[in-house]
Amino acid sequence: MPNRKEVVKFYISLEGGTEEWYFKHLQSLVNVNQNSTFNLKLETKLNKSPKKFIKNIPIAEANCFHIFDYESNSYEHNVLFKKIKRNLWI
């Protein structure tokens with residue numbers, strides 16, 4: 001019987017759906033790799049507000065990240081980027 005690998009869990013709030021695909025794919029790549037030393041559990045959720053996302057996460061499980069991309073230098077994208085950055089400070 002194979003040894004059970006430790007599960008490493010991360011909570012990731014995401015700005016868009018494409019990023020969620022990337023992380024789910026990463027999780028599957030790690031978990032099927034027999035050479036990996038752990039199994040990966042990524043709890044992802046589409047959410048523009050990092051503060052709202054972490055309110056329901058137990059403090060002991062504090063591996064939390066917010067992933068977003070900088071689309072362009074347009075006014076609209078710049079305002080959104082600055083708003084997200086402000087919300088990162090809890």
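Me: Hi! In what order do the elements of the protein run from the N terminus on?
Reply: They run β-α-β-α-β-α, with helices (H or I, at least four residues) and strands (E, at least two) taken as DSSP runs numbered from the N terminus. This is a predicted model, where local features need pLDDT of at least 70, side-chain atom pairs count only at pLDDT 80 or more, and totals for chains, interfaces and linings use all residues. Residues are numbered from 1 along each chain as its sequence is written, and side-chain values use heavy atoms, leaving out hydrogens and water.

Me: Thanks! How many helices and strands is that?
Reply: The protein has three helices and three strands.

Me: Which residues of α1 are buried?
Reply: Glu 19, Gln 27 and Val 30 are the buried residues of α1; buried means under 20% relative accessible area, exposed over 50% and partly exposed in between (1.4 Å probe, protein chains only).

Me: And where do they fall, seen down the axis?
Reply: Within an arc of 80°, so they line one face of the helix. The arc is that of the directions from the helix axis to the C-beta atoms.

Me: What covers them?
Reply: The cover includes β1 (6-14), β2 (38-46) and β3 (64-67).

Me: Which exposed residues does the face turned away carry?
Reply: Trp 21 and Val 32 are the exposed residues on that face of α1.

Me: New topic: what share of the protein is buried?
Reply: Buried residues are 23% of the 90 residues.

Me: And what share of the contacts with a separation of 6 or more is between residues 24 or more positions apart?
Reply: That share is 67%, with contact meaning heavy atoms within 4.5 Å.
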